[in-house]
Amino acid sequence: MYHKTLPYRIFSLFNHVFLTVLAILCLLPLYHLLMVSLSASAPANAGLVTFWPIGFTFEAYAKTFDNANFLSSLWVSVQRTVIGTALALVVNTIAAYALSKESHVFRARNLYLWYFVVTMLFSGGLIPSYILILKLGLMNTLMALILPGLVGVFNIILLMNFFRTVPKDLEEAAFIDGAGQFRTFLSVYLPVSLPVVATVSLFMMVGHWNSYFDGIIYIRDSEKLPLATFMQTIIVQADMSKLDPAAVASLSQRTIRASQIFISALPILLVYPFLQRYFVTGIVVGAVKE
């Protein structure tokens, strides 16, 4: 067998070593950030912390969770991610199911498909988008962060191509049993398409959780800022004007910032392993299920 040959074993060993080193290099910055957040303020501010905490303490996390602005931003991001992902899954899966049909079944399929694809090539621009949100009365609301990105054409294409690989025999059997299109979609297509649904869900969750620019544009009150916007404001811009005066002194410390960055990255890091087993199958949209 080819996997027992010496060249293959050498390649496999090199591949494992390379990927292990790459994984370590990716994890080291996050690990260093954790060590800084667990260190005392003086050695952290002096840059003495490397890969082991100096003056081990949970004070940074205690101050972080005492910060009302941080907790409110965290809650806004949780709401945005959960609600936004759920709504987007409903809209995108239904659209992908309809577009996965052949032209003789859905006569306007090509027209609608190009209607979606054109939006990947051209956009209305930032100013028209802002005016639209303003005129709809969505400024400074959670829906201003969710609705503009509700339809993801790339995700629809992934779902559509995966739906097209579902054996037609399953659909025909459902129709014979009296199921309609919607029942077939729920009972046949979604269960067998769990890998791509999980993959698209991961894309959506990461996108919502990490998005900060729309919060800068559409949100005016500091207590309604999503977590990514909150972090970008106090760390990248070093702008403390949106924060409570009592929190400014704490937020200026390196350990506090490190703890906040680590906490903001932790939810996605915890969710990702549960969806990882679906990721490869879902992204290979041409896989054959028969």
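Let me start with the second pocket. Leu30, Val206, Trp209, Asn210, Leu227, Ala228, Met231, Ile261, Ser264, Ala265, Ile268 and Leu269 line the second largest pocket. A pocket here is an open set of points on a 1 Å grid over the protein atoms alone, with protein on both sides within 12 Å along at least five of seven lines; a cavity is a set where a 1.4 Å probe fits but cannot get out; lining residues have an atom within 4 Å of a point.

Some ground rules. This is a predicted model, where local features need pLDDT of at least 70 and side-chain atom pairs count only at pLDDT 80 or more, while totals for chains, interfaces and linings use all residues. Residues are numbered from 1 along each chain as its sequence is written, and side-chain values use heavy atoms, with hydrogens and water left out.

Back to that second pocket. Its space is about 280 Å³. Volume means the space filled by probe spheres set on the points, with grid points joined across faces, edges and corners. H11, helix H13 (227–236) and helix H15 (254–283) each supply at least two lining residues. H15 has the largest share, five residues. Helices are DSSP runs of H or I, at least four residues, and strands are runs of E, at least two, numbered from the N terminus. By class, this lining has 10 nonpolar, two polar and no charged residues. Nonpolar covers Ala, Val, Leu, Ile, Met, Phe, Trp, Tyr, Cys and Pro; charged covers Asp, Glu, Lys and Arg; the others, Gly among them, are polar.

Now the largest pocket. Its volume is about 1,000 Å³. Its lining counts 33 residues, and Leu147, Pro148, Gly149, Leu150 and Val151 lie nearest its centre. That lining splits into 19 nonpolar, 12 polar and two charged. Helices giving at least two residues each include H4 (68–99), H8 (153–163) and H11 (194–210).

How many cavities of 30 Å³ or more does the structure hold? One. Helix H3 (59–65) gives the most, with three residues. The classes here are three nonpolar, five polar and two charged.

Step back to the whole fold. The protein has 15 helices and zero strands. Of its 290 residues, 37% count as buried, that is, under 20% relative accessible area with a 1.4 Å probe and protein chains only. Of the contacts with a separation of 6 or more, 69% join residues 24 or more positions apart. Contact means heavy atoms within 4.5 Å.

Last, the cores. A nonpolar core is a set of buried Ala, Val, Leu, Ile, Met, Phe, Trp, Tyr and Cys residues joined through side-chain atoms within 4.5 Å. In the largest, of 26 residues, Leu159, Phe163, Tyr189, Val196 and Val200 touch the most other members. H4, H5, H8, helix H10 (181–192) and H11 each supply at least two residues of this core. H8 gives the most, seven. Take Leu159: leaving aside neighbours within four places in sequence, Leu159 contacts Asn92, Thr93, Ala96, Val196, Val197 and Val200. Apart from this core lies another, of 18 residues, among them Leu33, Ala44, Ala258 and Ile268.

Technical notes
Buried < 20%, exposed > 50% of the residue type's maximum accessible area, 1.4 Å probe, protein only.
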